[in-house]
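Take a look at the sequence and the model below.

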Amino acid sequence: SSGINAEYGALVLMDTIDRVPDRRRLVDWCIARQQLGFNGRPNKLQDTCYSFWLGASLTLLGARELINKDANFSFLMTTQDQYMGGFAKWEGYLPDVLHSYFGIAGMFVISGEVPLHPALNISMRAYTHWQENAVL
């Protein structure tokens, strides 16, 4: 799942995403990963970080509207620690920095309410600044 995001992200950044054959099959595979949250591959548990990896991948593929946002949010809330804050990999586990970051980034990219570049996992503000100031 993170590989899909990296590969498609690279194609988006090179402006060659239109060369990908059979995008619909990949969209179907990504959507099939959603239970409440997302898992990374068949027969695996759903995991907080895949909210970002698959949410961003589906955004890059132009299929964010197919995500059940409410179900994903409900899953993420089960992994949140109500006392310490943060998100864990799975419900009932301790939160960690990686899953906390990707849980929040997943909510941002899936909701579309906070502008986040799905290929680079940075704010659109940072991306715009980078584009305007890049030395090529």
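Start with how packing is described: an axis is a line fitted to C-alpha atoms, for helices over the stretch in contact, and angles run from 0 to 180 degrees between N-to-C directions. Helices (H or I, at least four residues) and strands (E, at least two) are DSSP runs, numbered from the N terminus. The model is predicted, with local features needing pLDDT of at least 70 and side-chain atom pairs counting only at pLDDT 80 or more, while totals for chains, interfaces and linings use all residues. Residues are numbered from 1 along each chain as its sequence is written, and side-chain values use heavy atoms, with hydrogens and water left out.

Begin with α2 and α3. Their axes lie 10 Å apart, and the packing angle is about 155°. That makes α2 roughly antiparallel to α3. The labels work like this: angles under 35 degrees count as roughly parallel, over 145 as roughly antiparallel, 65 to 115 as roughly perpendicular and the rest as oblique. α2 passes α3 in a left-handed crossing. A crossing is left-handed if the near helix is turned anticlockwise from the far one by less than a right angle, and right-handed if clockwise.

Which residues make this contact (heavy atoms within 4.5 Å)? From α2 come R23, V27, W29, C30 and I31, and from α3 come L54, S57, L58 and L60. Seven of these contact residues are nonpolar, one is polar and one is charged. Here Ala, Val, Leu, Ile, Met, Phe, Trp, Tyr, Cys and Pro count as nonpolar, Asp, Glu, Lys and Arg as charged, and the others, Gly among them, as polar.

Now follow α3 to α5. The two axes come within 7 Å and cross at roughly 25°. α3 and α5 are therefore roughly parallel to each other. α3 also passes α5 in a left-handed crossing. On the α3 side, S51, F52, W53, G55, A56 and T59 take part; they meet F102, A105, G106, V109 and I110 in α5. This contact has seven nonpolar residues, four polar and no charged.

Next, find α4 (residues 69-79) beside α5 (residues 97-111). They pack at about 170°, with axes 11 Å apart. That makes α4 roughly antiparallel to α5. Its crossing with α5 is left-handed. K69, N72, F73, L76 and M77 of α4 meet G103, M107, I110 and S111 of α5. Five residues of this contact are nonpolar, three are polar and one is charged.

Leave the helices for the loop between α2 (23-32) and α3 (50-60), where N39 sits. Is N39 buried or exposed? N39 is buried, at 2% relative accessible area. Buried means under 20% relative accessible area, exposed over 50%, and partly exposed in between (1.4 Å probe, protein chains only). The side chains of N39 and R33 are joined by a polar contact of 2.7 Å. Such a contact is a pair of N or O atoms within 3.5 Å; within protein, one must be able to donate a hydrogen and the other to accept it, and residues adjacent in sequence count only if both atoms are side-chain atoms. The N39 side chain also reaches the backbone nitrogen of R41, at 3.5 Å.

N43 lies in the loop between α2 and α3 too. N43 is exposed, with 82% relative accessible area. Its phi is near 65°, a positive value in a residue other than glycine. Most residues other than glycine have a negative phi.

Finish at N121, in the loop between β1 (116-117) and β2 (122-123). N121 has a positive phi of about 60°, although it is not a glycine. At 17% relative accessibility, N121 counts as buried.

Conventions: Contact means heavy atoms within 4.5 Å.
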